[in-house]
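Open the model in a viewer with selection by residue number. The stops below are given in an order that can be followed one selection at a time.

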Amino acid sequence: MTGSVRLCGVVSQMTRRRRILVLLICCMSLLIVSLDNTIVNVALPSLGHDLHAPVSGLQWTVDAYTLTLASLLMLAGSTADRVGRRRTFQTGLVIFTAGSLLCSLAPSLGWLVAARIVQAVGGSMLNPVAMSIITNTFTDRRERAQAIGVWGGVVGVSMALGPVVGGLLTDAVNWRAIFWINVPIGLLALFLTWRYVPESKAPSARGIDPAGQILVIVLLGTLTYGIIEGPAAGPAVSAVCFAVAAAALVALVVCELRRREPLIDMRFFRSAPFSGAAVMAVAGFAGLGAFLFLNTLYLQSNRGLSALAAGLCTLPVAVTTTIVGPLSGRLVGTRGPRVPLIVAGVCLTSAGALLSQVTLTTPLPLLLGIYLVFGVGFGMLNPPITNTAVSGMPLAQAGVAAAVASTSRQVGQSLGVAIAGSVVSNAVVSGTAANGAFVPAAHAAFRVNALYGLIVLAVALLTTGRWARATAERTAARLSESPQVTLSRG
């Protein structure tokens, strides 16, 4: 009870203006981390030309970042709960900013991929920790849902604006400029965090779970390697990678169930809404990763658009996510997650089906209309996923719960790029992408995107009803024995 009293005492001293400022600071970190998830896509043709990178190299430029994020987010979330969220957040800003500078100086593809990993190590300390800070700052349920709606809107905007900003910088300067933008934003966020964000942590330190962390890295690394390198290395290599990934998954579940202080508490997944949020995050962000990767190749390599023009073509996605994200957050706060999730599933499915019919001569207004539909679906998806992930969880475990949602997003985006790249790889590698072979291959990849939307729709219907809410209540009751966090001014 003492921790809870201290928590409430500090929050009551924070004015609404101060809480909003903390939200904006957290959104700054989200902006640069999420922007880097997508800003690279539009620069891939230029980057690949300068560094002589094959298609698999372009995939690794994207997936080295997202995979590292996915592998470390849960560790970062639990570490922040243990050693201090503000301290972890500041450390992440320093590493991410330094990694961005290294990316801009990379002399070869190998060095770039290595610098992207450094970036992601810092980024893993930002998003889940920022969400945990928001969760502990906005204690009122409705106010928290609205704050998460703003957060979700920033996720969508940053990820959708990445191609626009990346296209502008690539055409105006070169691909290295897409990494320069992170440096001043990171430094400003570092100062504002030191000045305005209060420190918070769980009073009971959780132990480190090295076995669980290693198994997560093996699982994600071998799965993605098998998908990306499979077309070139052959089915035997893919089979071995998938077998190792499956074994790592089984070992991870067994290991985590037996540990007293696991990397991720498997009891979370007894909540149907929580498990559903994880599945929908993977499916939805797989669709986003594939959408951005495929459209970069389609618009620039096949329709002959410049990097800036290709980026501007995705502006409908940015506009709709800007509008729809906060609206979805308000719907979650007033009516629950069911409606926005159903809308998201329908729109993502429709966009994937429509994109599977495009050709090299599809009128640009029609193409932009399809992008608009995708933007509505993606904007509706984020807030209910995040809210469901942290809803009902004890504040002392907010960092881990938020990290699961963030991890699911990064896993989804990594798999989306890997799968989409593998589907179109033969057309691109054979050198026939420019004369029309890419388009039918992309049709198959976009049909997979429609499947992602159907998964979101089906899981939303299953995990937002009365039975699902009952599982969430039982899970929350079991987890309520965990201690409350202690919040203090840093």
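Begin with the rings: this predicted model holds nine aromatic pairs, where rings of Phe, Tyr and Trp (its six-membered ring) pair if their centres lie within 6.5 Å, and planes under 30 degrees apart count as stacked, over 60 as edge-to-face and the rest as tilted. Select F191 and W194. Their ring centres are 5.9 Å apart with the planes at 40°, so this pair is tilted. Both residues belong to helix α9 (residues 182–196), and because they are three residues apart there, about one helical turn separates them. Helices here are DSSP runs of H or I of at least four residues, strands are runs of E of at least two, and both are numbered from the N terminus. An α-helix has 3.6 residues a turn, so residues three or four places apart point the same way.

The classes are buried for under 20% relative accessible area, exposed for over 50% and partly exposed in between (1.4 Å probe, protein chains only).

Now select F285 and F378. The ring centres lie 5.2 Å apart and the planes meet at 65°, so the pair is edge-to-face. F285 is in helix α12 and F378 in helix α16 (residues 364–390), so the pair ties together parts 93 residues apart in sequence. F285 is buried, with a relative accessible area of 1%; F378 is also buried, at 1%.

Next, select D209 and R259. Their side chains meet in a salt bridge, with N to O at 3.0 Å. A search of the whole structure finds one salt bridge, defined as a side-chain nitrogen of Lys or Arg within 4 Å of a carboxyl oxygen of Asp or Glu. D209 sits in the loop between β1 (199–201) and α10, and R259 in the loop between α11 and α12, so the pair ties together parts that are 50 residues apart in sequence. D209 is buried at 2% relative accessibility, whereas R259 is partly exposed at 32%.

Switch to a surface view and colour I214, V218, V240 and V244, which make a nonpolar patch of about 310 Å². Helices α10 (210–233) and α11 (235–258) are the elements that give two or more residues to this patch. Patches are made of residues with over 30% relative accessible area and no salt bridge, with like charges joined within 9 Å and nonpolar side chains (Val, Leu, Ile, Met, Phe, Trp, Tyr) within 5 Å. V218 is in α10 and is partly exposed, at 31%.

For a contrast, show helix α6 (residues 127–137): 11 of its 11 residues are buried. Among them are P128, M131 and I134.

Finally, show the whole chain, coloured by pLDDT, the predictor's confidence in each residue from 0 to 100. There are 19 helices and two strands, and 60% of the 490 residues count as buried. The mean pLDDT is 81, with 87% of residues at 70 or more. Where is confidence lowest and where is it highest? Strand β2 (residues 486–488) has the lowest mean, 37, and helix α15 (residues 338–355) the highest, 93. pLDDT also stays under 50 over residues 1–12 and over residues 483–490. Where pLDDT is low, the predicted coordinates should not be read in detail.

Residues are numbered from 1 along each chain as its sequence is written. Local features need pLDDT of at least 70, side-chain atom pairs count only at pLDDT 80 or more, totals for chains, interfaces and linings use all residues, and side-chain values use heavy atoms, with hydrogens and water left out.

Conventions:
Areas by Shrake-Rupley, 256 points an atom, 1.4 Å probe, with all protein chains shown as cover. Contact = heavy atoms within 4.5 Å.
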